[in-house]
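Me: Hi! Could you walk me through this one?
Reply: Happy to, here it comes.

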Amino acid sequence: MTTVGFNGHDPAHVEVAQFLNGMERRKAQHIVDAVIAYQQRGLRNRDVICKLQLQGIEIYSSTYSKLEAGKFNPTVDMIMALTQVFQCGYAELFREQK
């Protein structure tokens, strides 16, 4: 089940959709692993939430906690914003942690 709605007319959405379609199954786990890895770099949850909100992403601490736990599927806009917050590309955001 996926809850991500892509806009086929937005080049950034198309890029993310193509990237995700090329991945194997555990997409949500990749996001969880990436968020945890960046937290270990010193970003606190509230810092990430604040930066996402400043980019127009409606997110609260409870939603972010669900994202970290792999119980929330982020929107395309949130994925794009996370790459900006964490200053990384999509491949790094979805990279599986070992």
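Me: What is the handedness of the crossing where α3 passes α5?
Reply: The crossing is right-handed, meaning that the near helix is turned clockwise from the far one by less than a right angle. This is a predicted model, where local features need pLDDT of at least 70, side-chain atom pairs count only at pLDDT 80 or more, and totals for chains, interfaces and linings use all residues. Residues are numbered from 1 along each chain as its sequence is written, and side-chain values use heavy atoms, without hydrogens and water.

Me: At what angle do α3 and α5 pack?
Reply: About 120°, with the axes of helix α3 (residues 45–54) and helix α5 (residues 76–85) 10 Å apart. That makes α3 oblique to α5 (under 35 degrees is roughly parallel, over 145 roughly antiparallel, 65 to 115 roughly perpendicular, the rest oblique).

Me: Which residues meet there?
Reply: Val48, Lys51 and Leu52 from α3 meet Met78, Ala81, Leu82 and Val85 from α5 (contact means heavy atoms within 4.5 Å).

Me: And the core, how many residues does the largest nonpolar one have?
Reply: It has 22, and Leu52, Leu82 and Phe86 make the most contacts inside it. Such a core is a set of buried nonpolar residues joined through side-chain atoms within 4.5 Å, with buried meaning under 20% relative accessible area, exposed over 50% and partly exposed in between, using a 1.4 Å probe.

Me: Which helix gives the largest share of this core?
Reply: α5, with seven residues.

Me: New topic: what does Ala12 contact beyond its sequence neighbours?
Reply: Leaving aside neighbours within four places in sequence, Ala12 contacts Met80 and Tyr90. Ala12 counts as partly exposed, at 22% relative accessibility.

Conventions:
Axes fitted to C-alpha atoms, helices over the stretch in contact; angles between N-to-C directions. Helix = DSSP H or I, 4+ residues; strand = E, 2+ residues; numbered from the N terminus.
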